[in-house]
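Hi,

Here is the structure I said I would pass on. Have a look at it first, and my notes follow below.

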Amino acid sequence: IMAGRKGLETPLLHVSCSTVSPFTSRELSSMGDGSYIHISAPVFARPDGISNKQAFFPLSGGNESDRSRAVELLSTTSPSTFDFGDDAGAANVVKLSGNYLIASTIQSLAEALALAENNGLDRKAVSNMLTSTIFNCIIYNGYGQRVSERDHQPGGFSLELGLKDISLVCDTAFKSKVPMPIASLLKDKWLASYTKGRGDIDWSGVALSTSEDSGIDISKCLAATMKSAADELAKKK
């Protein structure tokens, strides 16, 4: 966009919905010479959420008028946006914070349900009870189902992309001088799963390693999940 903007109507409004470093967004914003406006609007939603107009966007960068233009563009997929001001990197910090909390939820669910399973309880029943009462919210409901049923089919958000986002969290924390020991642990968990060749399955698939570490036989589930990932990859080629 930056290299090819000559000849385009200016100022060019770039609404970035990707999960990137806040420092990248700030650098891009500073490159605007009046012909380019960078708005950060990283999306909170899986593909089905976008299709159902359930996406949410933190928004930052440009000025209030620029962000209003961005809101108009995003309104087709989102019931609401959240304005975090002129700092182009602010919305990216919000996005990374959210994804960090989701990753923490996935890992916590994996551990809690392994604890239940190894004590003779039905992991699905435990998840259903918890996610319909004290943890009744969209993230616990969605990932509670995936983790409890070991439903990690590809097509949503890949484990490889999850590793990328958690790595961005750790990098941003380091540059911001914020200790985040749990984020470091999560990065290692996702990296370990990635090195086992599981990068193409859903990022909730990191929970499989917790079951393995707990002595639970997941071989059939793992084989089926990996086959689905391979089939999905073959379709794209």
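To start with a definition, I call something a salt bridge when a side-chain nitrogen of Lys or Arg lies within 4 Å of a carboxyl oxygen of Asp or Glu. A search of the whole structure with that rule finds eleven salt bridges.

Before the details, a word on the source. This is a predicted model, in which local features need pLDDT of at least 70 and side-chain atom pairs count only at pLDDT 80 or more, while totals for chains, interfaces and linings use all residues. Residues are numbered from 1 along each chain as its sequence is written, and side-chain values use heavy atoms, with hydrogens and water left out.

Now the overall picture. The protein chain has ten helices and four strands, taken as DSSP runs numbered from the N terminus (helices are H or I with at least four residues, strands are E with at least two). Along the sequence they come in the order β-α-β-α-β-α-β-α-α-α-α-α-α-α. The C-alpha trace spans about 65 × 40 × 35 Å along its principal axes. Of the 237 residues, 43% count as buried, where buried means under 20% relative accessible area, exposed over 50% and partly exposed in between (1.4 Å probe, protein chains only).

- R67 pairs with D86, the closest N and O atoms being 2.8 Å apart. The pair links distant parts of the chain, with R67 in helix α3 (residues 64-74) and D86 in the loop between β4 (80-83) and α4 (90-117), 19 residues apart. R67 is buried at a relative accessible area of 6%, and together with D83 and D86 it belongs to a network of salt bridges.
- R123 meets E117 at 2.7 Å, N to O. R123 is buried at 7% relative accessibility, whereas E117 is partly exposed at 24%.
- E212 pairs with K196, with 3.5 Å between the closest N and O atoms. Here E212 sits in helix α9 (residues 207-213) and K196 in the loop between α8 (181-195) and α9, 16 residues apart. E212 is partly exposed at 27%, and K196 is partly exposed at 43%.

β3 (residues 56-59) and β4 pair in the parallel sense over four bridges; two strands pair if DSSP finds at least two bridges between them. F57 stands opposite T81 in β4. β3, α3 and β4 make a right-handed β-α-β unit, meaning that with the strands pointing away from the viewer, the path from the first strand over the helix to the second runs clockwise.

Finally, the pockets. On a 1 Å grid over the protein atoms alone, a pocket is an open set of points where a 1.4 Å probe fits, with protein on both sides within 12 Å along at least five of seven lines, and lining residues have an atom within 4 Å of a point. Points are joined across faces, edges and corners, and a volume is the space filled by probe spheres set on them. The largest pocket holds about 730 Å³. It is lined by 28 residues, of which F44, A45, R46, I102 and Y143 lie nearest its centre. The second largest pocket has a volume of about 220 Å³.

Best wishes
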